Amino acid sequence: MEPSVTAYHTDLGRNHAFNSTHSTKRCRDGWVSFHLPDMTQQLWESLATALDHPEAIDDPRFATLQSRREHYPELNDAVTSWVAVKTRDEMARIFRDTGI
């Protein structure tokens, strides 16, 4: 059974002040939601690779948990654009395969 992917149809929850690292991203056919950048190094590397951007792993802005927090706006913009080209089913597989 495929995992359920949370969908939001409003801006509520997206980068909300009380949930600033919780990201809701538009994909090709809906929305997906996950925590960013507060994921382990292993999850970050798996996500970047699964989203076809392994070069981001070595980007100094995103290389550590602390740097991802410090550069959250850039990280958020990058991941938003990467997710935009995926479908909900593709993202569900990525989440399942990476353990997110």
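## Confidence of the model

The model is predicted, and the mean pLDDT of its chain is 80, with 77% of the residues at 70 or more. Among the helices and strands, confidence is highest in helix α3 (residues 72-84), with a mean of 92, and lowest in strand β1 (residues 22-27), with a mean of 84.

Residues 1-20 have a pLDDT below 50.

## Aromatic cluster

Three aromatic pairs are found in the whole structure. One of them joins Trp44 and Phe62: the ring centres are 6.1 Å apart and the planes stand at 70 degrees, which is over the 60-degree limit, so the pair is edge-to-face. Trp44 belongs to helix α1 (residues 41-50), whereas Phe62 sits in the loop between α1 and α2 (65-70); the pair therefore ties together parts that are 18 residues apart in sequence. Both Trp44 and Phe62 are buried.

Trp44 also pairs with Trp82. Here the ring centres are 6.4 Å apart and the planes are at 25 degrees, so this pair is stacked, the limit being under 30 degrees. The two residues come from distant parts of the chain, with Trp44 in helix α1 and Trp82 in helix α3, 38 residues apart. Trp44 has a relative accessible area of 0% and is buried; Trp82, at 9%, counts as buried because the cut-off is under 20%. Together, Trp44, Phe62 and Trp82 make up one aromatic cluster.

## Helix α3

The buried residues of α3 are Tyr72, Leu75, Asn76, Ala78, Val79, Trp82 and Val83. They lie on the same side of α3, because they cover an arc of only 165 degrees around the axis. An α-helix has 3.6 residues a turn, so residues three or four places apart point the same way. Pro73 and Asp77 are exposed on the other side of α3.

## Salt bridges

The structure contains three salt bridges. One of them joins the side chains of Asp52 and Lys86, with an N to O distance of 2.9 Å. This pair links distant parts of the chain: Asp52 is in the loop between α1 and α2, and Lys86 is in the loop between α3 and α4 (88-98), 34 residues apart. Asp52 is exposed, with a relative accessible area of 52%, whereas Lys86, at 12% relative accessibility, counts as buried.

Another salt bridge is formed by Arg61 and Asp59, whose closest N and O atoms are 2.6 Å apart. Arg61 is partly exposed at a relative accessible area of 32%, while Asp59 counts as buried at 17% relative accessibility. Arg96 and Asp97 also form a salt bridge, with 3.2 Å between the closest N and O atoms. In that pair Asp97 is exposed, with a relative accessible area of 58%, and Arg96 is partly exposed, with 40%.

Conventions. Residues numbered from 1 in each chain as written. Heavy atoms only, no water. pLDDT = per-residue confidence, 0-100. Helix = DSSP H or I, 4+ residues; strand = E, 2+ residues; numbered from the N terminus. Contact = heavy atoms within 4.5 Å. Phe/Tyr/Trp six-rings, centres within 6.5 Å; stacked < 30°, edge-to-face > 60°. Buried < 20%, exposed > 50% of the residue type's maximum accessible area, 1.4 Å probe, protein only. Arc of directions from axis to C-beta. Salt bridge = Lys/Arg side-chain N within 4 Å of Asp/Glu carboxyl O.
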